[in-house]
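The following note sets out several points on the model shown below.

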Amino acid sequence: MAIYHLHAKLISRASGRSAVAAAAYRAASRLHDARLERAHDFSNKSGVVHSEILLPDGTPERFLDRSVLWNEVEAIEKRKDAQLAREVEFSLPREMTQAQGIVLAQDFVREQFTERGMVADLNVHRDIGEDGQAKPHAHVMLSTRSVDENGFGAKERSWNNRECLLTWRERWASLVNERLVELDLDVRIDHRSFAE
């Protein structure tokens, strides 16, 4: 049965995190971290079925390279408590095929993140849940700074607004439900809490 899950959190240096390490883990890849002068190798991790970087219009193509992207994020952030990236994780309906789930995730990421000016590192995972069934979900790492043809600019504080998160949560539910209707699947999800 389709379930609703969308969670957002910050990846911060204050908690000892590295954007390069987080990206390597989510993409099941090996990336060199220039700031820490070490490699993060998660290439043996299974379950990653799709991985891509989506860019806003006018963004340098060098950011299509995951290592370049997240090392530039690390380099531009000078504070020891810097917010490096935002991660949004959401469940994909089990009722959809793997390909349908990937397209749905891409559409949501383009509409809600890259069109707002964020660089998005999308990774779709298809793990097996405790019930033995597929547990498809997506991890999206997002830039916290504006970006133009020259690279990263200022922090975009409006993306931290609670209203932004509420918009993403509601839109994810409506987009999933639209797609379920198109596919003639008789299930729906709801972003509201049980009390609501």
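Are H3 and H4 parallel, perpendicular, antiparallel or oblique to each other?

1. The model is predicted, with local features requiring pLDDT of at least 70 and side-chain atom pairs counting only at pLDDT 80 or more, whereas totals for chains, interfaces and linings use all residues. Residues are numbered from 1 along each chain as its sequence is written, and side-chain values use heavy atoms, with hydrogens and water left out.

2. Helices H3 (residues 98–112) and H4 pack at about 140°, and their axes are 11 Å apart. The two helices are therefore oblique to each other; angles under 35 degrees count as roughly parallel, over 145 as roughly antiparallel, 65 to 115 as roughly perpendicular and the rest as oblique. Axes here are lines fitted to C-alpha atoms over the stretch in contact, with angles from 0 to 180 degrees between N-to-C directions. Helices (H or I, at least four residues) and strands (E, at least two) are DSSP runs, numbered from the N terminus.

3. On the H3 side, the contact (heavy atoms within 4.5 Å) involves Val103, Leu104, Asp107, Phe108, Glu111 and Gln112. H4 contributes Thr167, Trp168, Arg171, Trp172, Leu175, Val176 and Arg179. Seven residues of this contact are nonpolar, two polar and four charged.

4. The largest nonpolar core has 31 residues, of which Phe90, Phe108, Phe113, Leu122, Val140 and Trp172 touch the most other members. Such a core is a set of buried Ala, Val, Leu, Ile, Met, Phe, Trp, Tyr and Cys residues joined through side-chain atoms within 4.5 Å. At least two residues each come from strand S5 (83–91), H3, strand S6 (120–128), strand S7 (134–142) and H4; H4 gives the most, with seven. A second, separate core of 19 residues includes Leu31, Ala85, Val147 and Phe152.

5. Asn177 lies in H4 (residues 162–182). Asn177 counts as buried at 17% relative accessibility, where buried means under 20% relative accessible area, exposed over 50% and partly exposed in between, with a 1.4 Å probe and protein chains only. Leaving aside residues up to four places away in sequence, Asn177 touches Val187, Arg188 and Ile189.

6. Ala28, between helix H1 (19–27) and strand S2 (30–33), has a positive phi near 50° and is buried at 16%. Glu37, in the loop between S2 and strand S3 (38–41), also has a positive phi near 50°, but is exposed at 68%. Most residues other than glycine have a negative phi.

How values were computed. Nonpolar A, V, L, I, M, F, W, Y, C, P; charged D, E, K, R; others polar.
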